[in-house]
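Let's walk through a protein model together, one piece at a time. Keep the structure open beside you and find each part as we reach it.

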Amino acid sequence: KSTKIKNMKVEQIYTGCLAEAAYYIESKGESVIIDPLRETKPYLERIEEAGSKLKYVLETHFHADFVSGHIDLAKKTGATIVFGPNAEPKYDSYIAKDGEELKVGDVTIKVLHTPGHTMESTTYLLLDDEGKERGIFTGDTLFIGDVGRPDLAVKTHLTQADLARHLYKSLREKIMVLPDDVVVYPAHGAGSACGKKMSDETTDTLGNQKKFNYALREDMSEEEFVQEVTEGLVAPPQYFPKNVMMNKEGYDSIDNILDKGQVPRTVEQFEELANMEGALVLDTRDWNVFAQGHIPNSINIGLDGSFAPWVGTLVVDLDQPILFIADEDRIEEVVVRLSRVGYDNTLGYLEGGIEAWKASGRELDVLRQVTAEEFAEKYAEGGVNVIDVRRKSEYESEHIEGAENLPLDFLNERMNEVDKSKEYYIHCKSGYRSMTFASTMQARGFNNLIDIQGGMEAIELTKVPRTEFVEPTTML
């Protein structure tokens with residue numbers, strides 16, 4: 001989304017996999033980028049195309065759900081990295097004061113310290129050449145329909161209730177006092193684990209948010225805010241605090257990661273590296289294709305979905321060596337998306353893909369699948385074990401009668417709840433997560449799992465009995 005406002009251009013650069021929004025603002029040959037992702041190429045291309053000079057890379061806070069590209073961008077362009085008060089990064093950057101103004105061409109960016117999501121969280125207020133407030137870049141302080149979680153700050157003596165109280169004050173004293181026509185530009189949209197129930201919309205006016213965002217109710221007391229904002233939170237993915245540390249302490253250049261990760265490996269090299277280095281074999285193909293034939297012990301996390309967040313949730317060690325299988329035209333995409341969440345130890349990909357493995361005479365594993373109709377017949381006969389791998393909130397909203405809930409999010413912690421000797425039918429919403437679940441379990445010796453194709457969406461079209469639908473209050 002790109003908007004031309006008097007003497008300036010504001011562009012939202014949205015990345016669906018992470019539900020993340022970075023921003024490019026340009027005026028009079030100068031530009032800033034706010035909350036960039038790890039890869040620098042898209043931003044450098046915009047700057048070059050416009051013929052502008054990047055003056056600042058603005059960070060709203062130390063992100064937990066992705067590794068920001070601020071350090072590489074600053075090195076490549078000479079721009080200054082800017083954080084708000086309380087930030088203590090371990091590299092060259094400028095720590096701005098609350099209320100400080102930064103000039104970019106004809107526009108001004110005012111620093112508003114808005115602690116709560118984290119203590120260094122900062123909102124950037126955009127003023128045009130006449131000083132009129134045009135937009136706020138809120139990071140994870142304010143989303144469309146929601147506010148940032150107060151439980152993601154790393155190494156703090158403050159409780160989530162303490163942080164929620166800071167957030168309450170920040171919203172009411174710094175943001176809600178601004179004019180209603182100011183546009184809200186958040187760092188995330190629906191699908192991010194940084195909030196509970198964000199809208200699919202990725203921008204809105206502040207006036208609208210005051211009407212429809214539960215956390216901005218005018219008559220809301222501080223205690224009501226704390227209670228409502230902290231209700232329904234579940235433990236964040238394990239990679240969140242690790243990404244915070246990378247954003248705070250620094251990381252290897254994206255160019256090095258891309259060079260190392262895009263090495264083609266013969267079948268023999270691939271097999272040897274998997275054995276010698278203890279590399280995880282990650283199959284990024286479509287889940288239904290994976291089921292029909294895959295390398296033994298490989299795990300399926302499909303590129304056509306929330307690939308990076310699921311890798312971050314399930315692969316505990318950021319330094320884990322990774323080998324991958326992908327379609328030939330998506331090799332770079334895999335390495336980039338892994339690096340966005342801090343997985344920098346990619347050792348290459350299988351040259352020729354699964355066909356090369358097959359041609360070498362090596363064995364392939366399969367994963368059993370049934371259609372929703374076939375499952376319905378089995379269910380009607382009785383005695384089937386069903387595991388619903390969707391999030392707790394989805395399960396509580398509506399599920400198959402008798403199904404157990406073991407969310408993919410907590411598979412590592414709860415794997416011992418699955419009995420190796422029993423047969424289980426596995427499903428999620430559409431099939432993506434259930435194949436990741438089943439393949440992870442298969443790689444660990446669970447061979448009695450049957451995937452229901454099409455997940456709940458297909459099951460709903462059968463006569464399988466389900467609990468009564470209840471509107472979910474959270475998406476976590």
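We start at strand β17, which is covered on both faces: Ile322 and Phe324 on one side, and Leu323 and Ile325 on the other, are all buried. Here buried means under 20% relative accessible area, exposed means over 50%, and partly exposed lies in between, using a 1.4 Å probe and protein chains only. In a regular strand, side chains alternate between the two faces of the sheet. Strands (E, at least two residues) and helices (H or I, at least four residues) are DSSP runs, numbered from the N terminus.

Before going further, please note that this is a predicted model, in which local features need pLDDT of at least 70 and side-chain atom pairs count only at pLDDT 80 or more, while totals for chains, interfaces and linings use all residues. Residues are numbered from 1 along each chain as its sequence is written, and side-chain values use heavy atoms, with hydrogens and water left out.

Which strands pair with β17? One is β15, which joins β17 in the parallel sense over four bridges; another is β18, also parallel, over three bridges. Two strands count as paired if DSSP finds at least two bridges between them. You can find Ile322 in both pairings: Leu280 stands opposite Ile322, and in β18 the bridge partner of Ile322 is Thr346.

Now follow the chain through helix α11. Together, β17, α11 and β18 make a right-handed β-α-β unit. Right-handed means that, with the strands pointing away from the viewer, the path from the first strand over the helix to the second runs clockwise. Why is α11 largely enclosed by the rest of the structure? Because seven of the nine residues of this helix (residues 331-339) are buried. Those residues are Ile331, Val334, Val335, Val336, Arg337, Leu338 and Ser339. They pack against α7 (254-261), β15 (280-283), α10 (307-314), β17 (322-325) and β18 (346-350), where contact means heavy atoms within 4.5 Å.

Strand β20 (residues 385-388) pairs with β21 in the parallel sense over two bridges, and Ile387 has Glu404 in β21 as its bridge partner.

Take a closer look at β22. Tyr424 and Ile426 point one way from this strand, Tyr425 and His427 point the other way, and all are buried. β22 pairs in the parallel sense with β20 over four bridges, with His427 as the bridge partner of Asp388. It also pairs in the parallel sense with β23, over three bridges, and here Tyr425 stands opposite Ile450. The chain crosses from β22 through α16 to β23, and this β-α-β crossover is right-handed.

In the loop between α16 and β23 you will find Arg444. Is Arg444 buried or partly exposed? At 38% relative accessibility, Arg444 counts as partly exposed. Leaving aside neighbours within four places in sequence, Arg444 is in contact with Asn412, Met415 and Lys420. The C-alpha atoms of Arg444 and Met415 are separated by 9.9 Å, although the two residues are 29 apart along the chain.

At 3% relative accessibility, Asp128 counts as buried. Not counting residues up to four places away in sequence, Asp128 touches Lys6, Met8, Asp106, Val107 and Arg134. Its side chain also reaches the backbone nitrogen of Glu130 at 2.9 Å.

Let's finish with cysteines. How many disulfides are there? If a disulfide is a pair of cysteine sulfur atoms within 2.5 Å, the count comes to zero. For Cys17, the nearest cysteine sulfur, that of Cys194, is 13 Å away. Cys17 counts as buried, at 13% relative accessibility. Cys428 is in no disulfide either, with the nearest cysteine sulfur, that of Cys17, 16 Å away. Cys428 is buried too, with a relative accessible area of 1%.

Note on methods
A polar contact is a pair of N or O atoms within 3.5 Å; within protein, one must be able to donate a hydrogen and the other to accept it, and residues adjacent in sequence count only if both atoms are side-chain atoms.
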